[in-house]
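Hi,

Here is the structure I promised to pass on. Have a look at it first, and then read on for what turned up.

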Amino acid sequence: MWARLHGPTWLVALLTYGGWLALTYAHRTLPLPALVLLGGFVVAWHGSLQHETIHGHPAGAKWLGRALGTPPLALWLPYEIYRDSHRRHHATAHLTHPEHDPESLFCTRDAWRRMARWQRALFLTQTTALGRLALGPFVTIGRFLAEEAVLVVRGAPGRRAIWALHAVAVALVLGWAVGVAGMPLWKYLLAFVYPGTSLTLLRSLAEHRADTVRERRTTVVEAGWVFRLLYLNNNFHVLHHRAPHVPWFELPAMWRRERARIRGSHVVHSAGYLSLVRAHAVKPIIDLERL
C-alpha cells in the first residue's frame, strides 16, 4: 500500500520542502560551510524530486505533481522549460547528439573546430569533475539565461508567459528566504543555488556518453546510499531510460535483477561518484576522438 500510494516520493517531498524551510529559517545558527553543504543538498534533492514529477510520480492528478515540482528553489530554471526539455531528451532517437538532444553536453566535430581557444578550454572544464563542480553552475546558468533572453526578446511562443509566471514563483521563494527568514540574497545564492546546481551537474557528468551504439550512450553509476538518495536512484540511468515510468524507489530492485546483464552490455561505474571525481578531477571524461 505504501509503495502503491507513492509514499516514498511523498516523504521525500515532505523532507525536501521541510528541510528547505528549516534551513533558510535557521540560517543564522549554522556555520556557512555547514549551510553550503546542507543547502546544496536540499536544492539538488529538490531537483531530483522535480525530475520525478516530470515522469508522473507521485501517481495521481497531474496538477498535483506539477504543483509539487513548480516551486523554483534553485531560482534559475522554470519548471515548464525543464519539463518540456526533459521530455524531448527522452523522446529523441539521437540521444546525446547536440543537434537533437536538448540536454546533450557534447558538441559536434564541426562545432569543436569553430570554437575559439577559450571556448574549447571552457568546454573541456565541463568534462571534468572539478570544472563542473566549481564552474558548472556559472557556465550552465549563464548560457541558459542568455539563450532564454534571446527567445523572450524575439517573442518565441509561450516564453514570455513562462518567465512571467516564473518571476512570480521566484518572488515567493525569495519572499520567504529573504523577506521572512532574513537571509541576504547573496547568502542564498552562495549556500543554496550554486552548490545545489553543482551537485546536480555532478550526476550528469557520467550518465551519458558518446557512442555509435545508441543503447551504450547511457550508463550506470553504482553509488552509496547518500548519492542514491540525493539523485533518487537516477544513477541507475540505463534503467531510467528503459523504463522512465518506473518510480525511483523501484529501481534498486530492478537493478538487482538486471545487474549482471547490464554490466555485460553497458558502461557501469562501479566505484561510485567520489571515485569518478578522483579519476576525472582534471581529466576529461569524454573521448575527444568521438566528437
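Asp-287 sits in the segment after H13, where helices (H or I, at least four residues) and strands (E, at least two) are DSSP runs numbered from the N terminus. Asp-287 is partly exposed, with a relative accessible area of 42%; buried means under 20% relative accessible area, exposed over 50%, and partly exposed in between (1.4 Å probe, protein chains only). Between Asp-287 and Ala-164 there are 123 residues in sequence and 41 Å in space, C-alpha to C-alpha.

Before you go further, please note that this is a predicted model, in which local features need pLDDT of at least 70 and side-chain atom pairs count only at pLDDT 80 or more, while totals for chains, interfaces and linings use all residues. Residues are numbered from 1 along each chain as its sequence is written, and side-chain values use heavy atoms, with hydrogens and water left out.

Now to the nonpolar cores. A nonpolar core here is a set of buried Ala, Val, Leu, Ile, Met, Phe, Trp, Tyr and Cys residues joined through side-chain atoms within 4.5 Å. The largest has 45 residues, of which Trp-20, Leu-75, Tyr-188, Phe-192, Leu-202, Phe-227 and Tyr-273 touch the most other members. Two or more residues each come from helix H1 (7-25), helix H2 (32-54), helix H7 (129-154), helix H8 (159-180), helix H9 (185-206), helix H10 (225-230) and helix H13 (272-279). H9 gives the most to this core, with seven residues. As general background, nonpolar side chains tend to be buried together in soluble globular proteins.

Leu-239 lies in helix H11 (residues 237-242) and counts as buried, at 0% relative accessibility. Beyond the neighbours within four places in sequence, Leu-239 is in contact with Leu-251, Met-254, Trp-255, Glu-258 and Ile-262. Thr-218 is 21 residues from Leu-239 in sequence and 9.1 Å away in space, C-alpha to C-alpha.

Next, the charged pairs. A salt bridge is counted when a side-chain nitrogen of Lys or Arg is within 4 Å of a carboxyl oxygen of Asp or Glu, and by this rule there are twelve salt bridges. Here are some of them:

- Arg-203 and Glu-207 meet through their side chains at 2.8 Å, N to O, and both residues are buried.
- Asp-211 pairs with Arg-209, the closest N and O atoms being 2.8 Å apart; Asp-211 counts as buried at 11% relative accessibility.
- Glu-222 pairs with Arg-263, the closest N and O atoms being 3.3 Å apart. This pair links distant parts of the chain, 41 residues apart: Glu-222 is in the loop between strand E1 (220-221) and H10, and Arg-263 is in helix H12 (residues 251-263). Glu-222 is buried, at 15% relative accessible area, whereas Arg-263 is partly exposed, at 39%.
- Arg-66, Glu-80, Arg-83 and Asp-84 are linked in a network of salt bridges.

Helix H3 (residues 62-69) and helix H4 (residues 79-91) pack at an angle of about 115 degrees, with their axes 10 Å apart; axes are lines fitted to C-alpha atoms, for helices over the stretch in contact, and angles run from 0 to 180 degrees between N-to-C directions. Gly-65, Arg-66 and Gly-69 in H3 meet Tyr-79, Glu-80 and Arg-83 in H4.

Finally, a few backbone details to check. The peptide bond from His-57 to Pro-58 is cis, with omega near 0 degrees, and Pro-58 is in the loop between H2 and H3. His-6, in the segment before H1, has a positive phi near 60 degrees without being a glycine, and is buried at 8% relative accessibility. Leu-232 is another non-glycine residue with a positive phi, of about 50 degrees; Leu-232 lies in the loop between H10 and H11 and is buried, with a relative accessible area of 1%.

Best wishes

How values were computed: Contact means heavy atoms within 4.5 Å.
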